[in-house]
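Student: I have a structure to study today. Can we go through it by question and answer?

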2 protein chains.
Amino acid sequence: MTPRSVTSTPVRRDAEATKAAILQAARRLLARHAHADITLKAVAELAGVSPPLIVKYFGNKDALFARVMSFDTDADALLDAPLAGLGRHMTRHVVASQRERGVDPLLRIVFAPMHGDHGDILRANFRAQVTDRLAARLTGPDAGLRAELAVAALVGLGVMYGIARGPCLRASDLDTIADRYGPLVQAQLTPAPGT
Amino acid sequence: MTPRSVTSTPVRRDAEATKAAILQAARRLLARHAHADITLKAVAELAGVSPPLIVKYFGNKDALFARVMSFDTDADALLDAPLAGLGRHMTRHVVASQRERGVDPLLRIVFAPMHGDHGDILRANFRAQVTDRLAARLTGPDAGLRAELAVAALVGLGVMYGIARGPCLRASDLDTIADRYGPLVQAQLTPAPGT
């Protein structure tokens with residue numbers, strides 16, 4: 001047995017941890033910046049690795065970003081509440097994610113390019129993994145429209161917090177924001193009778 | 001008098017019309033695309049002029065876009081309704097602008113870069129010309145926060161329509177959308193007593 005084979009398991013584990021760090025860095029950057037503005041160097045710096053290591057593991061920038069274009073994991077956390085309290089939960093989740101971790105579960109969709117595969121993949125994933133998944137939990141008329149409007153309100157909240165940087169929103173505590181905005185999201189999910 | 005001086009007035013008028021066409025083209029592109037993705041060639045094509053003519057009139061791409069970073073004119077139309085019906089008016093205005101003219105009064109803010117002068121100018125203009133202007137019309141507690149939340153809902157609506165391209169939203173008529181979303185925007189402007 002050579003020293004190299006003795007260390008093979010730790011080395012493999014390090015590679016997986018490094019790949020995860022790279023994906024997380026790319027996801028964080030993509031959640032806040034346009035795809036075209038992100039360089040491999042920026043991903044590498046945030047992940048604490050060298051750019052050639054990213055190329056070694058993922059091939060190139062496009063291949064790396066294809067891996068981070070799913071909304072599945074984000075939607076799991078966003079939608080993780082009973083329907084009756086989901087509007088408030090989603091409102092809190094969007095603001096808390098930005099405030100505490102500097103990411104947003106939905107904001108990547110605003111950077112979807114209007115043309116080309118990258119934008120089309122993001123839009124299709126967003127629809128299947130976020131809006132359609134939410135619509136499937138709703139009852140009553142216009143469920144698809146109401147799901148899109150509820151998600152629209154949440155995307156706008158993320159834009160106002162993270163991009164427009166609304167000073168009142170950023171200075172307000174989570175409960176105040178949830179009290180004011182949660183019922184509006186909820187009204188799409190479970191409209192009052194007769195509306 | 002030379003023939004050149006005889007034609008000086010029409011030439012000057014043509015130049016103004018050409019400049020206006022260039023500004024309109026840049027504004028339309030900036031309302032739907034990231035700044036970094038827009039080329040002078042694309043602006044020139046949409047305006048029906050040559051790229052060197054844009055350089056002659058505006059200097060370069062950055063100088064051109066500095067001219068189109070104001071939200072003033074957009075806010076005039078967006079906010080042009082009595083407060084009691086403003087939520088519905090703004091909801092209709094965002095969807096109608098995208099549907100009928102392919103532009104959005106607010107969507108440029110989502111492409112504001114996180115760093116650098118371009119993003120800072122857009123954010124400052126957005127705040128002064130849209131959210132602060134709306135907040136000045138509101139009474140009651142948390143007026144600044146409520147203005148930001150109302151605008152957030154409208155920005156999100158524009159993202160869902162123009163970027164995520166929600167199929168139910170795009171297939172719905174204006175009144176249906178206004179019926180479902182307008183009251184939510186309105187609830188930020190004129191909250192029910194006790195909220």
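Student: What percentage of the residues in chain A is buried?
Tutor: This is a predicted model, where local features need pLDDT of at least 70, side-chain atom pairs count only at pLDDT 80 or more, and totals for chains, interfaces and linings use all residues. Residues are numbered from 1 along each chain as its sequence is written, chains are lettered from A and ligands numbered from 1 in the order in which they are written, and side-chain values use heavy atoms, without hydrogens and water. Buried means under 20% relative accessible area, exposed over 50%, and partly exposed in between (1.4 Å probe, protein chains only). Among the 195 residues of chain A, the buried share is 51%.

Student: How many helices does chain A have?
Tutor: Helices here are DSSP runs (H or I, at least four residues), and strands are E runs of at least two, numbered from the N terminus. Chain A has zero strands. Its helix count is 11.

Student: Which residue forms a salt bridge with D74(A)?
Tutor: A salt bridge puts a side-chain nitrogen of Lys or Arg within 4 Å of a carboxyl oxygen of Asp or Glu. Here the N to O distance is 2.5 Å. D74(A) lies in helix 6 and its partner in the loop between helix 7 and helix 8 of chain A, so the pair ties together parts 34 residues apart in sequence. The partner is R108(A).

Student: Is R108(A) buried or exposed?
Tutor: Look at its relative accessibility. The value is 1%, so R108(A) counts as buried.

Student: How far apart are E45(B) and K41(B) in helix 3 of chain B?
Tutor: Their side chains meet in a salt bridge at 3.2 Å, N to O. Both residues are exposed. They are separated by about one helical turn, being apart by four residues.

Student: Which helix gives the largest share of the side of chain B that touches chain A?
Tutor: Helices 8, 9, 10 and 11 of chain B each supply at least two residues of that side. The largest share is 14 residues. It comes from helix 9.

Student: How many residues of that side of chain B are nonpolar?
Tutor: Ala, Val, Leu, Ile, Met, Phe, Trp, Tyr, Cys and Pro count as nonpolar, Asp, Glu, Lys and Arg as charged, and the others, Gly among them, as polar. The side has 11 polar and nine charged residues. Its nonpolar count is 26.
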